[in-house]
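Here are some notes for a first reading of this model, taken point by point. Please keep the structure open beside the text and find each place as it comes up.

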Amino acid sequence: MINNKDNFYITTPIYYVNGQPHIGHAYTTILADVLSRYQRSLNKPTFFLTGTDEHGQKVQKAAEKENMTPQEQCDKTFVRFKKLWEKLEVTNDYFIRTTDDNHKKVVQEALQELFDKDLIYKDEYEGFYCVPCERFFNEQDLENGILCPECQRETQKIIEGNYFFRMSQYQDWLINYIEENPEFIQPTFRANETLGFLKKQKLSDLCISRPKERLSWGIELPFDAEYVCYVWFDALINYITGIGYKQNDEEFAKWWPASYHLIGKDILTTHTVYWPTMLKAMGLPMPKTIFAHGWWLTGRDKMSKSLGNVVNPMEMCDKYGVDAFRYFLLSEMTLGQDASFTEEAFIQRFNSDLANDLGNLLSRVTKMILRNFDGTIPAPATELAEEEIEFLKAVNKAVEFMPEAIDSMKLDRGIERALAAVRAGNRYLEQTAPWTLAKKGETDKLKTVMYYSANALWKISTLLHSVMPQKMAEMLIALGFNAEEANTVSFENIAGKNDVLSGKKINDPGALFQRIIIEDKNVKNNNQQQKKKQKQQAKQDKKQKNAEISVENGLISIDDFFKTELKVAKVLEAEKVPEADKLLKLQIDVGGEQRQLVAGIAAYYSPEEMIGKTIVIVANLKPAKIRGVKSQGMLLAAKDTDGLKIITVDGLISSGASVG
Ligand code: MSP
């Protein structure tokens, strides 16, 4: 096999064709798109696969309801996904449908091979089937004896002859593989989840067939025409049929094994147990990383049709623009954890990050250059002063960090650094006051200020290009790049010190991001309802907490005290929270894990004073938003009438150490 270590192959789950695309689907697909665009910008051969999962009972039922054949139903509905990806500027290289002839043919060949190797056998089967999840469960796994453990809907008891894949024989091998390959399942706590599952019980063989009399909508088993293939077995194989398995050996060898399978946390078992054992049986190498992200919630609630709180990505894009939507999703979710969507939070982030910070910096700089230098970006004309050095530091930090953030799947942190550089830019303009320099005729300094500001904008637009391709291209065009240059950015260029900007002609960009004014009654009403719900929930949480902690005469037990996890942390970065005088936003390290924490200490400590400090935090506090900024923990401090002092430790101790 050709060594494909220099190639990048990424997949999303293939989406159930009968569902309506929602923000969860949009998130995974945009994430795959951002990673692909980034790899392409490094000139890495890249292949990005997405598509639709079209067989199974759900589709069959939906088709019956609409008086259509299942194929007609699929042909009608798969377009929703295709259209949405076009709208979201998703650059997938191929869109696979599991009803494609080549996919069906390869699935049949794979089944026949496994059958010939005696890795598939027939047996009598008794189980409980969940239609929405398209999965069988054993009785002991059900909730209340009948409900699906995954979605809590009612299962159906089924006894029938079926075909089985000898999955159980790979149990020990899989445990070893996961333990020896820490990159294989990410984040690590998800690998532990799979290991927990594998070590808890004996793995059973996997039922891979459905009798046609019960379900006919599927790929027929090549060795028994009375049966069709189980939808998950068929669907998982898309990851290899989509890149030429058993169709084009050279192409397949070029891309397999995949660099990333991106999935949501609810489909962890199928991807980390079924799929690896299937690949092992087929004699194929394992994907490098299966990465499970968390869920998008609406406020604090799970999104569901019945609650009527499913966020429609098309609607959001029509209302606020595609790039702003992409930006929000990627900056708001810390990969691996759940995130919350509310229109209010969206608008808040849009206004502060995009309109006030980035848009404002671009507009100030381009206007000043148009006015004072006839639109030509000047070369710097004075030596670097302290304020330039400070500003360049923030920009360089962002440039250096983004590749690392992408490689370690911490995209939100990379974006945050880029925005920190934008804010440093606005601060730099306030410090140097170019409008005053112009008035006073201090042209040399004005040239320097304009050059470094424009230079930062160029670097920032490259950093954020894969997240907001259209808007960042517009920004580059405003800075005098041509359309081709504006659409093909390179990280190498911005890491170098070459002066590519002076002499370029500014094109007036207008307002890149127009501030959103909330007039929409629906947004207001939704937000009010959500706030009401949150208040109720908070009340309930408080009640529950009080019930859990037994306070007698003001005393708590030692067990109650240990419910609070106190840890030592190191402050890596600190900055003020815009428009919040009392707050500092800290980036902290807690035993190798990076977190963001917001603390009301700005009146007592400057950001510079905080950097490098060892602090003590409550580590198991539910994440919260303070003035719209995410906070994952609480810093401990002592306060009296004279002031406030943060709690620290006496001497050197490693970050992450427990306190108590
Ligand atoms: N068809 C299967 C996947 C087969 S892959 C070989 C499937 N489809 S799905 O349409 O139901 O879900 C697709 C993806 O959407 C899953 O990764 C799931 O985790 C994700 N999401 C569904 N709801 C979600 C949120 N609310 N938030 C984030 N992602 C969620 O499962």
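1. Two strands are said to pair if DSSP finds at least two bridges between them, and the strands themselves (E, at least two residues), like the helices (H or I, at least four residues), are DSSP runs numbered from the N terminus. By this rule β5 and strand β7 (residues 156-165) pair in the antiparallel sense over ten bridges, and within this pair Ile120 stands opposite Phe165 in β7.

2. Before going further, please note that this is a predicted model, in which local features need pLDDT of at least 70 and side-chain atom pairs count only at pLDDT 80 or more, whereas totals for chains, interfaces and linings use all residues. Residues are numbered from 1 along each chain as its sequence is written, and side-chain values use heavy atoms, with hydrogens and water left out.

3. On its other pairing, strand β5 (residues 120-130) is joined to β6 by three bridges, and these two strands run antiparallel. Phe128 stands opposite Phe137 in β6, while Cys130 stands opposite Arg135 in β6. The hairpin of β5 and β6 has four residues between the strands, and Glu134 there takes a positive phi near 55°.

4. How many strands form the open sheet, and in what order? There are four, in the order β6-β5-β7-β9, with antiparallel pairing; the edge strands, each of which pairs on one side only, are β6 (135-137) and β9 (206-207).

5. Of the 22 residues around the ligand, Ile14, Asp53, Gly264, Asp266 and Trp296 come nearest. The element that gives the most to this shell is α7, with three residues.

6. A polar side-chain atom of Asp53 lies 2.7 Å from a nitrogen atom of the ligand, a polar backbone atom of Gly264 is 2.9 Å from a ligand oxygen atom, and a polar side-chain atom of His25 lies 3.3 Å from an oxygen atom of the ligand.

7. Lastly, where is helix α13 (residues 343-372) kinked? The kink, of about 35°, is centred on Asn360, the bend at a residue being the angle between axes fitted to the seven residues ending there and the seven starting there. After α13 comes Asp374, whose phi is positive, near 55°.

Definitions and conventions. A residue is near a molecule or strand if one of its heavy atoms lies within 4 Å of it. A polar contact is a pair of N or O atoms within 3.5 Å; within protein, one must be able to donate a hydrogen and the other to accept it, and residues adjacent in sequence count only if both atoms are side-chain atoms.
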